Amino acid sequence: MWLFAYGSLIFRPGFAFQRRVRGYVEGFERRFWQVSTDHRGTPESPGRVVTLVSVPGARCWGVAYELSDADFERYVAHLDVRERNGYDRIALPFVAQDRQVTGVLSAVAYIAPAGNPHFGGELPLPELADIIRASSGPSGHNAEYILSLAEALAALDVEDAHVFELANWVSDPAAAATDD
Ligand code: BEZ
């Protein structure tokens, strides 16, 4: 059983796995468009976390974890509760491009579709960055989330303009403004 990770599960899986494989899902891009009042924000100061948005022809790179059947059932039951604020569990074809594994695998992923009650949608990057810099929740600071994700994607040699540009706005808004 495979679980596709495109967000915090890339840098903090929190479960035992058999293999971790780099690859992508087609037709999606990663966006910080989901509001978080329970993990990286609070109801008073909501943060932003990732979801996948449908973009024909796009690829969203990440990793897929292979879990034993028992670990998969246990962890997915945990994620179903943890990600109840707007995320749906779906199965997606994952294209593995890794030294260990290549080919298409069926992987489970959590996606918060547009229109869910916590969908924040698109905002200019400086505004998203202000929200992220100001927000912290039970799972940690929102800035730590995006900076860890950007670092993990860079380590995987994955290009993601949305994440990297937003991370620049979060870490150094004055420099990001001059880059524009
Ligand atoms: C992840 O891939 O890290 C993830 C994204 C959204 C919800 C749960 C996990």
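This is a predicted model: local features need pLDDT of at least 70, side-chain atom pairs count only at pLDDT 80 or more; totals for chains, interfaces and linings use all residues.
## How helix angles are read

Helix axes are lines fitted to C-alpha atoms over the stretch in contact, and the angle between two of them runs from 0 to 180 degrees between their N-to-C directions.

## Helix α4 against helix α5

Helix α4 covers residues 142-155, and it packs against α5 at an angle of about 135°, with the two axes 9 Å apart. That angle makes α4 oblique to α5, because angles count as roughly antiparallel when they are over 145 degrees and as roughly perpendicular from 65 to 115. The crossing of this pair is left-handed.

## Helix α3 against helix α5

Now turn to helix α3, residues 125-134, which packs against α5, residues 161-171. Here the angle is about 60° and the axes lie 8 Å apart, so α3 and α5 are oblique to each other. This crossing is right-handed.

On the α3 side you can find Leu125, Pro126, Leu128, Ala129, Ile132 and Arg133, and they meet His162, Glu165, Leu166, Trp169 and Val170 in α5. The residues of this contact divide into eight nonpolar, one polar and two charged.

## Around the ligand

Let's finish with the ligand. Its surroundings are Phe4, Ala5, Tyr6, Gly7, Ser8, Leu9, Glu83, Tyr87 and Tyr110.

How far is a backbone N or O atom of tyrosine 6 from an oxygen atom of the ligand? The distance is 2.7 Å. For glycine 7, a polar backbone atom is 3.1 Å from a ligand oxygen atom. Serine 8 also takes part through its backbone, with an N or O atom lying 3.1 Å from an oxygen atom of the ligand.

Key: Residues are numbered from 1 along each chain as its sequence is written. Side-chain values use heavy atoms; hydrogens and water are left out. Helices (H or I, at least four residues) and strands (E, at least two) are DSSP runs, numbered from the N terminus. Angles under 35 degrees count as roughly parallel, over 145 as roughly antiparallel, 65 to 115 as roughly perpendicular and the rest as oblique. A crossing is left-handed if the near helix is turned anticlockwise from the far one by less than a right angle, and right-handed if clockwise. Contact means heavy atoms within 4.5 Å. Ala, Val, Leu, Ile, Met, Phe, Trp, Tyr, Cys and Pro count as nonpolar, Asp, Glu, Lys and Arg as charged, and the others, Gly among them, as polar. A residue is near a molecule or strand if one of its heavy atoms lies within 4 Å of it. A polar contact is a pair of N or O atoms within 3.5 Å; within protein, one must be able to donate a hydrogen and the other to accept it, and residues adjacent in sequence count only if both atoms are side-chain atoms.
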